[in-house]
Amino acid sequence: MKWFKAAFLLFGMAFFLQGCTHMGKSKDTMITNKIQTQKHCFGRYEVELPEYMFMRSGNYNFDNFYLEIVQSLKAGRPTIEKDWIRYIKSVIAPDMRKDSISAGSKIVHQDMKSNPRVIVEYINTTIGNSSLARLYMFSSFYLKHFPERNEWLLLNGGSIELPRPLPDDQLRQQVQRKLDAQMDDINKIIYKPYPHFAPGFCLDNEYHYYPGRLEKNESYSIYWHSKREGSKTFLSVEVKTYLKGEEADMESRVSKGKLLQLFFPSTTVEVGGMKGELYTSRDKSNPSAREFQWIPSHVETGNHMKPLIKIAGRFDTRDLPPELRDKVSGEELAMWVLESIKMRKGADEDIQMFAQ
């Protein structure tokens, strides 16, 4: 009975979901109607979007650090270093309260002369019966300066976890080794405006990261939005590479997509060199808008050329100039954008060099 109800609900939704018809002419339509577009660079990929769209957020998770490029990039100002110290202290202050489960946490290292600047917090895990009591834990925070641009980038280092107990000198050595690895990677972020053919990852159209090795933890999500006032147009792209042995985690992420394939018509579209299924739906309250999802047909653990890519979006032709709104459909906009997503030339150099 539960299955019947779920199936009934899905079939009910199908009245609002419209299968994609063949939209191979979307490219010709965009060119014929002279839609103004701009190429954007993200991770290993590039995408061509209508010129009224911009990167609203970009989250990157790598082996040794995490950053949100849009919010973390700051123009130079005289007080930024003091502001950053004050901000980091406010972030870790809850760990230091006497009534906190982490009471006893403290700043154990601060260097405002290095580039990047660094603050390290020791997190006390010994209070209570937490399973974390068997670990030493440290959080690291960085502020990297780009003198040629007079810009600063705020980053979080990867969590440092070491088994208890360790002699003090050995603990310091191991923590320092991990901090050095984090700083080395962070210093491989450079100002490199797109377009280019450099190996590695675009963080946005201005900054680039290449560690000189194949990243194990390669995960990022990008969100673009329309500049038009009141518009709900957006594009969201998530990319994650799973390691061998993580098949169950990967399968849980794609299971929803497989459920869609059982009930709803779709169109096969190639995105980033991978075939997948595109599902579109009409916006009940706005006839000019189309919502869509794209899910890859085949993902492989341990294969950086076949990561899990999940795409969702909403395009509204009301964002177009008035004279074009009746000439281009939301489906054509979606197809144009999806088919423009390709692995950037040169971005897979580390995959070809280091993958086994």
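View 1. Phe138 counts as buried, since its relative accessibility is 5% (buried means under 20% relative accessible area, with a 1.4 Å probe and protein chains only). Tyr122 likewise counts as buried, at 14%. The model is predicted: local features need pLDDT of at least 70, side-chain atom pairs count only at pLDDT 80 or more, and totals for chains, interfaces and linings use all residues. Residues are numbered from 1 along each chain as its sequence is written, and side-chain values use heavy atoms, with hydrogens and water left out.

Rings of Phe, Tyr and Trp (its six-membered ring) pair if their centres lie within 6.5 Å; planes under 30 degrees apart count as stacked, over 60 as edge-to-face and the rest as tilted. By this rule there are 15 aromatic pairs. Tyr122 and Phe138 form a tilted one, at 5.6 Å centre to centre and 55 degrees between the planes. This pair links distant parts of the chain, 16 residues apart: Tyr122 belongs to strand β8 (residues 117–123) and Phe138 to strand β9 (residues 135–146). Strands are DSSP runs (E, at least two residues), numbered from the N terminus.

**View 2. An aromatic cluster.** Tyr60, Phe62, Phe65, Phe201, Tyr209 and Tyr220 form one aromatic cluster.

**View 3. The open sheet β12-β14-β13.** Three strands follow this order with antiparallel pairing (two strands pair if DSSP finds at least two bridges between them). β12 (189–191) and β13 (201–202) stand at the edges; each has a single partner strand, so one side of each lacks a neighbour in the sheet. Three bridges join β12 to β14 (residues 207–209), and Ile189 stands opposite Tyr209 in β14.

Technical notes
Helices (H or I, at least four residues) and strands (E, at least two) are DSSP runs, numbered from the N terminus. Buried means under 20% relative accessible area, exposed over 50%, partly exposed in between (1.4 Å probe, protein chains only).
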